[in-house]
Amino acid sequence: MGGGRKRRRDGSEAPSIHPRNRYAAAAPDFAALAELYPSFRPFVSVSERGRASVDFTDFSATRELTRVLLLHDHGVNWWIPDGQLCPTVPNRSNYIHWIEDLLSSNLIPPISSSSGRVRGFDIGTGANCIYPLLGASLLGWSFVGSDVTDVALEWAKKNAENNPHLTELIEIRNADAASLSSESEAIVREPIRENVLEPAEDVAMPKPPVLVGVVKESESFDFCMCNPPFFESIEEAGLNPKTSCGGTAEEMVCPGGELAFVTHIIEDSVSLKNSFRWFTSMVGRKANLKLLVSKARKVGASVVKTTEFVQGQTARWGLAWSFIAPRNKVLRSSTPAKNHHSFMLQGLRREHGAFQVLKSTEAFFLASKLSCKIDTLSFSVDVTLSDEQTEAAILHGDDYAGSLEESSAKLQSVVKGVSFRITVFEQIPGTLLIKGSLLNKALSGTFSSLFSQLEDTLRMECPSKAR
């Protein structure tokens, strides 16, 4: 049958490998690689039909495959000792390319202290140092990679130093040592951390250093990224019999699992909100993604983005947030301009009723720095752009009319007051109709753009029972 994107049962497109991923057009050819690299040959089996395969339950096989792919496709020399976490190159490349999308979108403007070269911070880079190596070799980015164990720090440095063309782009930093050297500074910072998520207990165990105390006071970065410890116990980490990617307890396990670890990143991000353009992390469980989105919004993030990474049978999610005001205060898109928009949310769980969705709608527009007035009697939200936001939308955003004269004429025709109205209707239990009506005709492009993003946000926050 012909090609085309796979679709879910609800009709939406299923996520796939990133289109700029080197392996998007064709998966690695194991047979060809085995011919080129004799050390890889013992790990490749060929079926009676001539299909080459690799046993992904064999750590030595997955490590050698990663070594060969990095050398053959990226010109990177690489190795890790037994037991360390062995990354899959296509999956990690997806994360790098998503961050590239975030940066190139210009939704969040560069921070004033940014240099010309993109600079990233890899939390827990591991012995494999995979993200700095991929980001530097693919895109010329510079990195600080942090970790706490002696083995991880030693081998991450070796992997950087074994690639002289990348060495100057990668710094490996001992997070424990950096945290201790700036301990007094961290104590001074603590009282100004507004909106930090409070721990459940009055007395909490000391948390491992993540960003605060590891990032230097004068430093700024375009982004941070993290492959967090997904599990709460080493027993839980070993439940997948289909793969053997190794991994030490420090790499794979932390109290509270990924939810606690990424929450720690979110808490630290409040203190460093002006030092990073984007904060990001990978997430292993979709149930945790929704909780983390809420946490990021609770601490005051101006923008929160999510995506899904798919490679083979493994699904992971990406979470990104920023405290920097979006460019022009209004997000752009190529959505066609219309005066009325609507969409349905079907098969909703009981906790996602009309009132909850109405409040989520209000929260979405407030996060976009827009003025809102909620009416719980008519189940509607009136959204108003300020004069400055309206002018920015017309002169620079989706509603740009063309010439200066045309834009000036359009500004003169703007009607003061409510810009558009969102109404929530309950059709039957579990099914809601969300309808948007444009009240200020001069803002049709902006209205279409924001309504499209509202739909994406509500579908992510209010999944159907079937998902």
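**Close-up views of a predicted model**

**View 1. Asp-147 is in contact with Gly-124, Thr-125, Gly-126, Ala-152, Leu-153, Arg-173, Asn-174, Ala-175 and Asp-176, leaving aside its neighbours within four places in sequence.** Contact here means heavy atoms within 4.5 Å. You are looking at a predicted model, in which local features need pLDDT of at least 70 and side-chain atom pairs count only at pLDDT 80 or more, while totals for chains, interfaces and linings use all residues. Residues are numbered from 1 along each chain as its sequence is written, and side-chain values use heavy atoms, with hydrogens and water left out. You can find Asp-147 in strand β4, residues 142–147. Helices (H or I, at least four residues) and strands (E, at least two) are DSSP runs, numbered from the N terminus. Is Asp-147 buried or exposed? It counts as buried because its relative accessible area is 11%; the cut-offs are under 20% for buried and over 50% for exposed, with partly exposed in between (1.4 Å probe, protein chains only). Its side chain reaches the backbone nitrogen of Gly-126 at 2.7 Å.

**View 2. Gly-124 sits in the loop between β3 (119–123) and α4 (130–139).** With a relative accessible area of 37%, Gly-124 is partly exposed. Beyond its neighbours within four places in sequence, Gly-124 is in contact with Ser-146 and Asp-147. Which residues does the UniProt annotation "binding site" cover? The record, an unreviewed entry, gives Arg-92, Gly-124, Asp-147 and Asn-227. UniProt positions follow the numbering used here, feature names are shortened, and annotations may be inferred rather than shown by experiment.

**View 3. Asn-163 has its place in the loop between α5 (150–161) and β5 (170–174).** This residue counts as buried because its relative accessibility is 0%. Look for Gly-75, Val-76, Asn-77 and Leu-133, which Asn-163 touches when residues up to four places away in sequence are not counted. A polar atom of the Asn-163 side chain lies 2.7 Å from the backbone nitrogen of Asn-77.

**View 4. Five strands form an open sheet in the order β10-β14-β13-β12-β11, with antiparallel pairing.** Two strands pair if DSSP finds at least two bridges between them. At the edges are β10 (340–345) and β11 (371–375), each of which pairs on one side only. Neighbouring strands are turned by 15° against each other on average, direction ignored. Axes are lines fitted to C-alpha atoms, for helices over the stretch in contact, and angles run from 0 to 180 degrees between N-to-C directions. Helix α12 (residues 354–367) lies across β10, β11, β12, β13 and β14 (431–438), at about 165° to β11. Helix α15 (residues 444–461) lies across β10, β13 and β14, at about 5° to β10.

**View 5. Strands β12 (residues 380–384) and β13 (residues 420–428) run antiparallel, joined by four bridges.** Here Val-381 stands opposite Ile-422 in β13. Ser-380, also in β12, is buried, with a relative accessible area of 6%. Its contacts beyond four places in sequence include Leu-358, Lys-373 and Arg-421. The Ser-380 side chain makes a polar contact with that of Ser-378 at 2.8 Å. A polar contact is a pair of N or O atoms within 3.5 Å; within protein, one must be able to donate a hydrogen and the other to accept it, and residues adjacent in sequence count only if both atoms are side-chain atoms.

**View 6. Over residues 199–204, pLDDT stays under 50.** This score is the predictor's confidence in each residue, from 0 to 100. The mean for the protein chain is 81, and 75% of its residues reach 70 or more.
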